[in-house]
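Here is a briefing on aromatic rings. A pair of aromatic rings is described by two things: the distance of the centres and the angle of the planes.

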Amino acid sequence: EGRVPKRVQKDWSNLKANFQSGKPTYVALTPLSTMRTGMALYSGEKDDNEPVPEVWKGKSLSDPAVKEAYAQYVSLVVDTFKPSYVALDIETNILKSTTPDQWDALVELHESTYQQLKTKYPKVQFFSTIQLEHLKGFAESKGKEAQQVEVVKQLMKSSDLLAVSSYPYSARLKSIPEDYFDVLKSFGKPI
């Protein structure tokens, strides 16, 4: 309270009111913009896409103030929703293709957040989600499949499991091959 805009607090209250007791809760968060090209815009009183306040402009995802603020935000969300599963970032491997100069900063933010939160909430499963068609080279990552595998391996060092989004239609497949998801097994994490 006070740290979260009233509009967001109301949304959170409505969400919590619809939770089914005894069911595990999954929360997906991300410091990245909708297009996965850099830092997300500001979530303020009007909407989720307000300009970033001056104090945050020009800061890297690995800036100590950004890392601390994001860890506090994730902690507040965990305290509020009591989830079993928390995605710390969404479709994160896309950033390597869209804005490669920000990749190392994102990995640093992910690792820092994971370490802080896993210590504080050891029973919660924290992870990064990846986008499968990007991993398989069907998008901006075409011809960079080996790089994408390395990107996912980096993320898995600070992830309790592997979560994936997949849009086979975007790959213009007539049908989904039987082995389409097999590459995910190679990362050694529960899926």
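The structure holds 7 aromatic pairs. Rings of Phe, Tyr and Trp (its six-membered ring) pair if their centres lie within 6.5 Å; planes under 30 degrees apart count as stacked, over 60 as edge-to-face and the rest as tilted.

**W12 and F81**
- The ring centres of W12 and F81 are 5.5 Å apart and the planes meet at 70°, so this pair is edge-to-face.
- The pair links distant parts of the chain, 69 residues apart: W12 sits in helix α1 (residues 6-17) and F81 in helix α2 (residues 64-81).
- Helices are DSSP runs of H or I, at least four residues long, numbered from the N terminus.
- Both W12 and F81 are buried (under 20% relative accessible area, 1.4 Å probe, protein chains only).

**Y70 and Y73**
- The rings of Y70 and Y73 have centres 6.3 Å apart and planes at 35°, so they form a tilted pair.
- About one helical turn separates the two, because they are 3 residues apart in helix α2.
- Y70 has 9% relative accessibility, so it counts as buried.
- Y73 has 34%, so it counts as partly exposed (between the buried limit of 20% and the exposed limit of 50%).

**Cluster and charge**
- One aromatic cluster is formed by W12, F19, Y70, Y73 and F81.
- K136 lies over the face of Y180, 4.8 Å from the ring centre.
- A charge sits over a ring if NZ of Lys or CZ of Arg is within 6 Å of the ring centre and within 35 degrees of the ring normal.

**Basis**
- This is a predicted model: local features need pLDDT of at least 70, side-chain atom pairs count only at pLDDT 80 or more, and totals for chains, interfaces and linings use all residues.
- Residues are numbered from 1 along each chain as its sequence is written, and side-chain values use heavy atoms, leaving out hydrogens and water.
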